[in-house]
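Student: I have a structure to read, and I am new to it. Can you take me through its features step by step?

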Protein chains: 2
Amino acid sequence: MPRWKPDARERLVEAALDLFTERGYDETTVAQIAERAGLTRSTFFRHFTDKRELLSAGQEMLSTLLAEGIAAAPSDASPLDAVASGLDRASGAMTEFNRGLGPRLHAAIESNDELRARNAMKTVGLAAAMSDALRRRGTSEAAAQVAAELGVLAFGLGYRRWSDPERDDAPGDLVTHTRAAFAELRAAAAELR
Amino acid sequence: MPRWKPDARERLVEAALDLFTERGYDETTVAQIAERAGLTRSTFFRHFTDKRELLSAGQEMLSTLLAEGIAAAPSDASPLDAVASGLDRASGAMTEFNRGLGPRLHAAIESNDELRARNAMKTVGLAAAMSDALRRRGTSEAAAQVAAELGVLAFGLGYRRWSDPERDDAPGDLVTHTRAAFAELRAAAAELR
């Protein structure tokens with residue numbers, strides 16, 4: 001892997017996750033996060049409103065990418081093919097930085113009620129973004145909701161497999177994983193009775 | 001409707017929702033909730049750990065009912081028929097008290113970030129409870145997840161229609177609504193391409 005110098009924003013997220021894991025989320029202050037990252041508090045506040053925002057900052061970008069990918073699908077694409085296009089767009093934008101974050105992010109979220117609640121809201125937000133994008137293509141509400149939930153499940157499953165440090169067979173890009181996960185879920189949905 | 005005297009637990013929930021709507025969630029204290037309900041603080045704490053728990057207290061019961069209904073479905077029932085059985089079980093347990101709560105609960109949740117996050121976690125928790133119950137019946141993980149999400153969507157949609165004060169055509173029981181919602185979502189899922 002090439003030597004790589006993360007920018008301030010990424011350093012802050014990494015420092016925060018390390019501290020959340022070591023000391024707990026409630027016990028970690030913004031000052032400590034900035035210090036660990038080798039930055040000042042004012043640099044922290046140029047990037048984030050507060051420490052809660054650190055972990056949800058990626059959500060808006062992710063929602064936007066999913067919705068853009070859905071909007072960009074050919075007009076005759078089916079709802080599920082449009083979701084596949086959204087997943088490709090969002091997955092393609094994730095870097096090795098996002099991959100390395102996975103296990104620590106998961107550990108931090110599981111260790112704290114507030115973070116678990118915010119993460120759940122993020123999941124609901126992603127589904128809403130996809131469902132809205134599908135409705136703008138003329139998909140019925142019920143179909144849009146179901147297709148969006150399949151998309152959320154596929155993104156989560158693909159991301160977990162991709163960022164799992166114990167899977168050495170994991171290929172290098174998230175797109176491969178979300179496509180495989182979405183194919184599995186589509187097949188399962190098609191067979192449901 | 002017969003005259004009906006709510007018990008302490010229900011009075012506390014009603015008083016809390018009224019106060020959350022009037023003053024905001026953050027500004028409402030346990031003492032104020034107890035006073036509005038005509039009860040003491042110690043009665044409050046016999047029923048709930050804190051004011052946050054007020055709104056999620058029903059979740060464990062709901063998860064249990066959904067899982068029990070899924071487990072009770074005939075062993076040869078399909079995953080979706082098992083989910084339908086879970087929805088019937090949970091919906092059948094909801095009373096006019098739950099129905100009347102709907103709009104105020106919705107308003108309180110929408111007005112506060114913390115409540116929105118906790119509500120999202122509740123949704124995720126219901127899906128997990130149904131998915132786990134399906135897996136115990138031998139349903140594959142992917143199929144269980146998809147079927148559970150359909151169940152969550154159906155329960156939410158049915159409950160919103162049932163408790164919507166502007167729908168006078170709404171029949172008196174939630175079961176009718178969740179069945180109709182689930183049928184719509186199943187049809188939409190079956191047609192997805």
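Student: What percentage of the 193 residues in chain A do buried residues make up?

Tutor: Keep in mind that this is a predicted model. A residue is called buried if 20 or more other C-beta atoms lie within 10 Å of its own. In chain A, buried residues make up 44% of the 193 residues.

Student: Is A31(A) buried or exposed?

Tutor: Exposed means 12 or fewer such neighbours. A31(A) has 11 other C-beta atoms within 10 Å, so A31(A) is exposed. Look for A31(A) in helix α2 of chain A, residues 30-36. Then find F44(A), 13 residues from A31(A) along the chain. Their C-alpha atoms are separated by 8.6 Å.

Student: How many helices and strands are in chain A?

Tutor: Chain A has nine helices and zero strands. Its pattern along the sequence is α-α-α-α-α-α-α-α-α.

Student: What radius of gyration does chain A have, and what would a compact globule have?

Tutor: For 193 residues, a compact globule would have a radius of gyration near 16 Å. Chain A has 18 Å, which agrees. Along the principal axes, the C-alpha atoms of chain A fill a box of roughly 50 × 35 × 30 Å.

Student: Which domains does the assignment give for chain A?

Tutor: The assignment gives domain 1 (1-48) and domain 2 (52-191). Their centres, taken over C-alpha atoms, are separated by 25 Å. The contact between them takes 11 residues from domain 1 of chain A and 12 residues from domain 2 of chain A. On the domain 1 side, eight residues are nonpolar, two polar and one charged.

Student: How many residues of chain B are in contact with chain A?

Tutor: 26 residues of chain B are in contact with 26 residues of chain A. On chain B, α5 (79-92), α7 (113-136), α8 (141-163) and α9 (174-191) each supply at least two residues of that side. The largest share, eight residues, comes from α8(B). By class, the chain B side divides into 16 nonpolar, four polar and six charged residues.

Technical notes. Residues numbered from 1 in each chain as written. Chains lettered and ligands numbered in written order. Predicted model: local features only at pLDDT ≥ 70, side-chain atom pairs only at ≥ 80, totals over all residues. Contact = placed C-beta atoms within 7 Å. Helix = DSSP H or I, 4+ residues; strand = E, 2+ residues; numbered from the N terminus. Nonpolar A, V, L, I, M, F, W, Y, C, P; charged D, E, K, R; others polar. Domains from an automatic or database assignment. Rg over C-alpha atoms; globule rule 2.2 N^0.38 Å.
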